Amino acid sequence: MNQVNGVNRVNRRTTRTAQAVAALAGLLLAVLPPAGTAAASPARASTYTNPVTAGTVDTFPDPAVIRGKDGYWYAYGTQNPVFQSQGQTAERMLPILKSADLTHWTYAGEVFTPSTQPAWHRGSRLWAPDVRYTNGHYNLFYSVPNQDTVGVATAPTPTGPWTDAGAVLPADSGCATGDIDQAQFTDVGGQPYLYWGSYDTICVARMNGDRTRIEGTVTEVAQGRRMEGGFVVRRDGYYYLFYSDAGCCDGAYSGYQVKVGRSTGPTGPFTDDRGVDLMSPVSKGGIVVGSSDRWIGPGHNALQTDLAGQDWLVYHAIPADDPDLDLVPGIDRTLSRRPMLVDRLDWIDGWPVVRAGAGPSSDGSEVPVTTWQAGGTFNDGSLKGWQAQGSGTKAWATATEQDPGTFVTHLGSTTAPSFLVTSGNAPARVRAEADLRVGTAGGSAGLVLAYQNPANHVVAWLDRARNALVTDVLVNGVSAGQQVTALPSGYQWDAWRNVAAELRGNRLTVEVSADRLRDAVATRTRTVPAAAVRAGKVGTAALGGGAAADNVGAAKLHEPVTRRVADPRPGARLPAHSDEFDSATLSSDWSWVRGPAAGAATGEGVLSWPTQNAELHLGTNTASVLTRPAPAGDFTVETKLDLSNGPGNQQAGLVLYGSDDRYFKLVHAVLPLSHTDGKVTHVTEFAKEGARPTTTPPTAVAYGPMFGGPPAQTLWMRLAHHADEAGGEHEVRAATSTDGVHWTWTGVWALPDEQALRIGLVSLNTAGATARFDYVRTFRG
């Protein structure tokens with residue numbers, strides 16, 4: 001591992017070979033049975049390589065994923081020219097992909113075509129889909145940027161046919177900024193919400209029962225420079241608001257990162273991992289995933305859970321070695337190439353982070369668990385491999401409908417439970433799940449696990465008579481006590497619901513949700529007697545009449561990762577490249593670009609430097625830069641900065657400077673908020689500037705910012721430089737701290753190693769403030 005990004009570098013030619021293998025596997029997907037089928041299937045690879053859409057589509061921005069009731073996963077993306085490499089220049093409107101294992105995908109259509117696009121869109125491109133299963137059908141929410149609103153379409157299956165239901169938001173939505181980038185969420189008890197917003201506010205409002213319109217109060221829950229792409233899940237009593245900031249779509253200069261805040265309620269207040277309110281006018285911490293040397297601008301995420309209970313972040317990112325698509329007819333700018341990535345999402349100390357902090361994967365990673373150890377989807381149309389036990393054993397049969405395909409139903413009416421269980425066992429530490437519904441008043445359908453016989457098992461019932469989730473544990477025919485959890489008022493019993501149960505040690509957790517998207521409407525946690533914790537069969541159960549089940553199975557429960565990878569740590573101090581500013585004059589090791597700057601002076605251990613009315617940005621290079629030689633190889637440079645408040649538009653901090661058009665910069669920046677009059681936001685801005693000759697329109701140089709953790713008047717700053725000799729690049733990662741102890745690390749920026757870099761300082765943008773640098777310290781590694 002190198003110190004800059006904490007992930008193993010891979011040869012890019014090797015990566016492309018792996019992607020070609022993944023593409024071939026994707027072509028075979030159509031003949032494989034869906035995840036979890038009882039029938040034997042060809043051995044699957046134990047590892048996968050990002051992007052998971054390689055060989056299927058060229059790009060797939062802003063992905064959203066759902067597991068359909070047929071047992072397959074479906075992904076939806078922003079309108080883009082997804083088949084450009086095949087000579088197709090036309091864009092697909094909200095393209096759809098299909099997968100049995102989350103890592104190999106086939107094309108499955110699009111939501112709209114030019115002939116079916118609703119007239120009210122007025123020809124707008126369509127962005128950022130979000131998909132949910134709602135009371136027996138699928139709701140697909142999407143952004144209509146030309147109309148500054150959100151639309152919704154419904155369908156009986158994940159691939160359509162789609163019926164548009166109009167705009168979800170009123171003409172004046174009540175949100176301060178852009179009305180796009182929506183995500184739906186359903187709270188415990190069944191109340192639906194919609195989150196939306198872009199550049200620079202995220203809002204939330206309640207929705208009506210069929211989830212087609214917002215209603216009631218609109219609440220701003222987060223604001224920040226270029227903040228957008230909200231997505232909410234609930235876990236262990238907290239609501240987690242994922243979002244992206246700093247810009248999605250500028251090729252190799254895209255600064256997108258996924259960040260997160262959490263709250264004890266769906267409308268906030270949300271705070272980051274440093275306790276900063278997401279409504280505070282500062283940049284935020286809580287970084288879930290940032291860029292690496294291989295992947296630029298990771299962002300606009302969704303979330304999926306595999307059959308072992310492990311969460312996975314689904315997001316897009318830009319390949320560093322091929323960041324731009326060809327120019328699309330009718331679009332006067334270059335679109336970034338943004339394929340879909342899937343990576344393990346770990347929850348460590350109550351906060352989500354990709355791969356324990358290692359960042360996007362680019363080599364072989366362990367695949368999600370998408371095949372049950374016991375169970376199946378019934379898609380072969382039979383009950384082969386299943387055993388009927390208890391009462392009414394001859395009443396189990398299969399049935400077929402358009403959306404789920406084949407499922408199992410109990411045709412009788414029983415006063416004692418009837419069980420349909422696997423012939424093989426699942427382990428004692430287990431995650432089991434089933435899609436259940438109850439068609440008859442007074443009936444119940446259950447998920448059964450740790451099953452030995454009718455007198456020894458664990459069961460989670462959807463009990464229609466009590467309108468409740470009921471859990472029970474039987475040992476030698478004796479119940480450990482039924483526990484009853486109310487289901488929402490108006491619960492739709494004729495629609496499928498997913499019931500998932502996890503047994504870790506003697507702790508049982510059961511969730512009822514519409515679509516496995518971490519927004520359960522009912523949850524129950526209880527302690528299980530030790531005698532009930534055992535390997536056993538998994539299955540479904542029926543009581544009364546009208547029970548139906550599908551996608552019933554169990555797998556070994558995942559082992560959570562509980563420790564983050566180590567952040568970069570500076571090595572030995574390099575005195576020849578450091579300065580405590582103890583002298584009355586600057587050391588001769590320093591030299592000025594366009595200087596000396598007026599008012600800059602040392603004394604009493606501080607370099608004091610008033611901000612200049614000058615810039616170091618693209619074609620405007622008027623600011624002074626104070627530089628000194630940097631050591632060869634890998635190093636980390638640190639400073640402690642005090643930036644007094646001025647009228648706004650001030651910046652001060654560190655640079656690694658090659659020239660006016662090739663540098664890395666980490667500054668405390670005071671910037672105007674786009675939607676307010678006279679108010680400012682304070683951000684830690686980590687930026688690079690360099691050449692970008694291939695874009696349309698042509699640009700000699702480009703500038704890209706990403707935003708780090710929260711700033712403060714006194715801010716510690718680090719730039720960690722890695723000399724990638726094999727790749728011929730400077731790779732730099734930034735960190736900031738408000739106390740000098742706890743650091744927030746960003747992603748990586750890279751530039752070609754075409755000239756040496758010098759350590760530097762800047763104080764610029766607008767006069768009116770003073771930057772005070774306590775020291776510059778450089779460390780090996």
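1. A cavity is a set of points, on a 1 Å grid over the protein atoms alone, where a 1.4 Å probe fits but cannot get out, and its lining residues have an atom within 4 Å of a point. The model is predicted: local features need pLDDT of at least 70, side-chain atom pairs count only at pLDDT 80 or more, and totals for chains, interfaces and linings use all residues. Residues are numbered from 1 along each chain as its sequence is written, and side-chain values use heavy atoms, with hydrogens and water left out.

2. Eight cavities of 30 Å³ or more are present. A volume here is the space filled by probe spheres set on the points, which are joined across faces, edges and corners. The largest cavity holds about 80 Å³. Its lining includes Thr 305, Arg 431, Glu 511, Arg 516, Arg 518 and Asp 519. Two or more lining residues come from each of β34 (497–504) and β35 (507–513); strands are DSSP runs (E, at least two residues), numbered from the N terminus.

3. The second largest cavity has a volume of about 60 Å³. Among the residues lining this cavity are Pro 63, Asp 130, Phe 231 and His 300. Strands β6 (127–134), β14 (228–235) and β18 (295–305) each supply at least two of the lining residues.

4. Four strands form an open antiparallel sheet in the order β2-β3-β4-β5, two strands being paired if DSSP finds at least two bridges between them. At the edges lie β2 (64–67) and β5 (106–112). Strand β4 (residues 93–99) pairs with β5 over five bridges, and Leu 97 has Tyr 107 of β5 as its bridge partner.

Note on methods:
On a 1 Å grid over the protein atoms alone, a cavity is a set of points where a 1.4 Å probe fits but cannot get out, and a pocket is an open set with protein on both sides within 12 Å along at least five of seven lines; lining residues have an atom within 4 Å of a point.
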